Each structure stands twice: as structure tokens, then as C-alpha cells.
Amino acid sequence: MPRLLRQQVAGMNIHYIYYSLDYFLDAQQKAGFKTVELVGQAPHFLMDYTGFQDTKKVREKAESRGLKIGVFTPECAAYHYLLCSPDPGFHKRSMEYFKQGIKACAGLGSKIMLTNCIGGTWDEEPGRTYERAVKSLKELGDAAKESGVTVAVETVRPEESKIITTVGGLKKLYDDVSHPNVKAALDTVAMGVAGETPRQWFETFGKDIIHCHFVDGRPYGHLIWGDGLYPLDRYIKVLNDYGYEGYLSQEITDGRYFDKPAEADARNFKAFEPYFVN
Amino acid sequence: MRAISKLSSLTLLIEKRGLKLATVKREQIAGMNIHYLNYSLDYFLDAQQRIGFKTIELWCGAPHVWLDHITYYDAAGIKKKIKERGLSAEVLTPENCMYPYQVGAKEPEHVKRSFSYFANGIRLASELGCRYMEVNSGWGYWNEDREEAFKRSADMLSGLSEVARENGITLVMESLRPEESQIVTDVKSAKRMFDIVGSPNFKIMIDTCAMSVAGETFDDWFNTFGENIMHMHFIDGSPYGHLIWGDGSHHLGKFIEALNKYNYTGFLGQEITDGRYYEDPAKHDLRNIRNFERYMD
């Protein structure tokens, strides 16, 4: 029987954009979550390239509800902060933003900050975007080391970027960056869209997968478990086979959940209940 | 034979009744850059020039224009690029659905940042020589009293109208779909906001998607606002979607007829947002303008 620890499954706040931080945290506690991955997005956590809001208060709010902020993710796909932006000004401010994100991450008590390689324009030669990704991640790796944080890099769908959309692409990047504070994150939607399986990912990266966005998909969509077509039990078994003990974040982004995110989260958490050993 | 006689009798009818053919001017069609988000600003502007646009509505989003609550970048450089291609930026649209700012913000720090962001947008619009800046009401929280959110939105829009006055810019407010907001989502709530803000620098624009989703018509909007309608996002839809003309279910000719009926000669922003166009936006823009050209003299 595939098994998980309750605290491995982490709730996320993306689909709570029409609700406050307090509402989100209350809903997580009520659904049964012990861990959250906080996304630095309005109105829940305000940050920019010059600083971020008081992390102590946010951390206290989470902890008072029995929640640990396991991972911090500065919004890195929808805002103007994009790691691989070719415009020197856009890129410089994005780098400053992610460095602030690393500090915010440490302040929130998390050891992992997630990002990706979005932002290269399609009228630029992809090789140049790739070079910028390698250079940028090395720089973030150094900043992360200072703060005791590790940067986890996920792949994305080919609609979002010309680079780092496959397990092979990420492996090459990982080798080229070669920084102890830059590791891999498995996103099950990007994985599915690329025609890949969790087993391929663990065969490629082993223990260097330090984080997962572990959601249902068809394979598109970032869905509540049961709304997609992925085999939850088989996927958890792969995690067990490779001894993965990291977080499984519920990165729910589909607009259908924005109206009643708490209901969706309660249903989602329940899907994991049969696998919990604690 | 029969077809010809039918056609000539139709022409006669048009002449007799003084009916005019649905007509739009090229300068009215304002190309937008949202669906060019995978491409550089230069790529977008080159495409607009090549395709035959004269006017653009400039969306401030990555990777084209950097606008935030602290500052904005390179108005002079952007202005030069637009002018060099024989284009004119008449409307500025700060990204105001996805970025971390909204007119209906609640927490003091979020209100402060959002106000500064839109005020910077007004300053950038002025530097670029635009006439209008697009705004919406924001959305508020789903679990709060609608009136509270409405009041905050009215306060911010009043303050921004003052900044607009100082900078010679007119704000044009669009309505949103009910999935996006609980503040201004139809002609009735737009009228209420218009009356409360009550500034000469605060006017109204129609978004054909929000209008159609609300089950409203041009008649509803023009009968309520008349000449205070100063701008439009004029796109196809079914009714959802911000689509290239031809991809939705509206009739372009009938829509243009409605504009003619109310003597609307303002701009028609092509706010194309559907992901299906992101791979090759220029291809779709060309298709779009070809459809408008059927109604140009």
C-alpha cells in the first residue's frame, strides 16, 4: 500500500486570489493540512525588487493554525518578474526580486524556494535564453546559500517557455548550473504535457528532486485530485520506491476553483487520506 | 439576372432611406500587445506597422513595458519606437487583472501600492502622448460586503481622476465579468460608479466581452452614457473569450452599425487575450484587420 505522511501534502494559495490570507490559512487548517507552500502574490504576501512584507507576522499567523510554511514561491509566471527576461532592465529587477524572495523564504522559516525558467522571448535565439538561465541560477544559488535556502527549479509547459520544458532539458541545466543550492522540482502537469512519467524523473534525478508540485491533470490543468486522469496511487508508489520524503504541493490554478477554493481543498485533501500513515 | 435586380433594388432602398453602409476608419482600430507576451516590444511594433495598424493601445506588461508602484521605464525610448513606425499610442492600459495591484484593494499597504501603480500609469500615459488610460473597478474579496468593496474602489478612482486631471489624461473605465469582480460588472454598476466619482477626467468605455456576458447591448450602454463612452475594447466573443474577429459568434457588421448609429468615432482596442494566439500573434492580427477592412471605405 502506497504511504505518505500527513505533513507532506502542502496546500497553496494561488486559487485564493479572491480571498484574504487569513481566509486561506483558516481553510487550510480546516481541510487538515499541516504544511503550506506560500506563493508571494497579492493580496496574501506583497513583495517586490526592493523588499517584502513582515515575514514574522505571516509566519505567526500560519503557526497559530498549526501550519508550517514548507516552501516559498515568489510568483514567477504571471507577474513582470521573469527569470529569463532578455531586456537588461527587466532581467536585473527580476533577479533582485528573486533575491528578495530568497530572504523572504528564510524569514518565513522555509528551506526551499521554487522557481522556473520563464521569460525568454520567442524572437530571441533559445540558446541565449538558456545561457541567461544558467547564469541567473548560479547567481541565485549563491544568494540562496547565504540564506540557508535551496532553489528548486521546475519545468513548465511549452506554451510558457522555449527552454526547460522536459526532464532532459532540466537535467542539462542542472549539470551546467552545478550548484549545491540549486536542485530539481517535479511538476506533474509539465511532466504530463511533456509525455513523461514520475519514474523517469526519479530515475534521472534521484534524491536531487527536492520538491514536487503534485497535482492532477489531463495532462493539462492544475486540478484537484479526481478532476484529472492521473493515477494517484501509482504515482505515490513511485515516490515510495525512490524514498521521496519531500512535499507534495497542491498547486491548484484552474479558474473553476476560484469561487470556492476552500471546498475544493477539503475535497483534495480527502483524496490523500487513505495513504496517510500518521 | 434575378440576383442583379435584387441587388439594384437594395441599392435603391438604401438611397431612398438614406441608409449608410456600416463604416469604420483604420485609425479607429487600435492594435494591442497582450497576445504578444512571448515576443519583444520591437517585434510587436514591427508587426503592427506591417499589418497596417495606425493606432495602438499599449498594454503595460512584461516583456514590453515596465510599470510598477515605484516607477516606470523609458517613456522616451518607447515613444520614439512607436513614432518611428508611423504608429500612434492613444490609450495606455496598465496590466490590471494579473499583476499585484487592484483598484479595489483593501489592506492599507496594498491600497498604497495600487494607487501608486495606477498614478504612475497616468504619468507614463501622459509622457507617451496618450489621451486615455484604461481602468477597471478592481474586484474586492468574495467574502466581504459588496458595498465595502465598491466604496474603496470609488475612493481610489476619485483620487486617480485627480491625478489624471493634473496630467491631462482621461480615465476610461470598463466593466468586468462577474467571475472577475463584484464591483462594476454591468451598465448599472458602471453608472453608479460614474456618478459617484463624478469627475470630468473619469469616463466610460465598453468592453464587448463584459457587455455580452452581462446580456447587454450597445443600446443599453449608449442610452445610459451617451457621449461619455470614450473608448472600447471591441473584440469577438462567444460571448466569453477575447477573440480575433471571426473566431467568436458576434457579427462585425452589426456591431459597427451600432457604433455608427450612435456616432461613435473613438478607438476600438483589440484586446486579444486568448492563449490560442500566443504562438503566432501577428498571423492572427493580420486576419483580424482584414475583417475590419471589409468595412473601410
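Tutor: Let us begin with a proline. B:Pro239 is placed in the loop between strand S7 (229-233) and helix H9 (252-261) of chain B. Please bear in mind throughout that this is a predicted model.

Student: What kind of peptide bond joins B:Ser238 and B:Pro239?

Tutor: The bond between B:Ser238 and B:Pro239 is cis, with omega about -15°. A second case is the peptide bond from B:Ala62 to B:Pro63, which is also cis and has omega near 0°. B:Pro63 belongs to the loop between strand S2 (55-60) and H3 of chain B.

Student: Is A:Ile164 buried or exposed?

Tutor: One counts the C-beta atoms around the residue, and 20 or more within 10 Å make it buried. A:Ile164 has 28 other C-beta atoms within 10 Å, so it is buried. B:Ile78 is buried because 22 other C-beta atoms lie within 10 Å.

Student: Which residues does B:Ile78 touch, if those up to four places away in sequence are not counted?

Tutor: B:Ile78 touches B:Val65 and B:Leu128.

Student: How does one read the sides of a helix?

Tutor: An α-helix has 3.6 residues a turn, so residues three or four places apart point the same way. Consider helix H10 (residues 281-293) of chain B, which has 13 residues and reaches 18 Å from its first C-alpha to its last, close to the 18 Å expected at 1.5 Å a residue. Its buried residues are B:Pro281, B:His284, B:Asp285, B:Asn288, B:Ile289 and B:Phe292. They are on the same side of H10(B), because they cover an arc of only 135° around the axis.

Student: What covers the buried residues of H10(B)?

Tutor: The cover includes strand S1 (29-32) and helix H2 (41-51) of chain B.

Student: What can be said of chain B taken whole?

Tutor: Chain B has 10 helices and 8 strands. Its radius of gyration is 20 Å, close to the 19 Å that the globule rule gives for 297 residues, so chain B is as compact as a globular protein of that length. The C-alpha trace spans about 75 × 40 × 35 Å along its principal axes. Of the 297 residues, 50% count as buried. Among contacts in chain B with a separation of 6 or more, 82% are between residues 24 or more positions apart.

Student: How many residues of chain B are in contact with chain A?

Tutor: In chain B, 26 residues are in contact with 23 residues of chain A. Helix H4 (residues 108-127) gives the most to this side of chain B, with 3 residues. By class, the side of chain B that touches chain A has 15 nonpolar, 6 polar and 5 charged residues.

Terms used
Residues numbered from 1 in each chain as written. Chains lettered and ligands numbered in written order. Predicted model: local features only at pLDDT ≥ 70, side-chain atom pairs only at ≥ 80, totals over all residues. Helix = DSSP H or I, 4+ residues; strand = E, 2+ residues; numbered from the N terminus. Rg over C-alpha atoms; globule rule 2.2 N^0.38 Å. Buried ≥ 20, exposed ≤ 12 C-beta atoms within 10 Å, placed from the backbone. Contact = placed C-beta atoms within 7 Å. Expected span 1.5 Å × (residues − 1). Arc of directions from axis to C-beta. Nonpolar A, V, L, I, M, F, W, Y, C, P; charged D, E, K, R; others polar.
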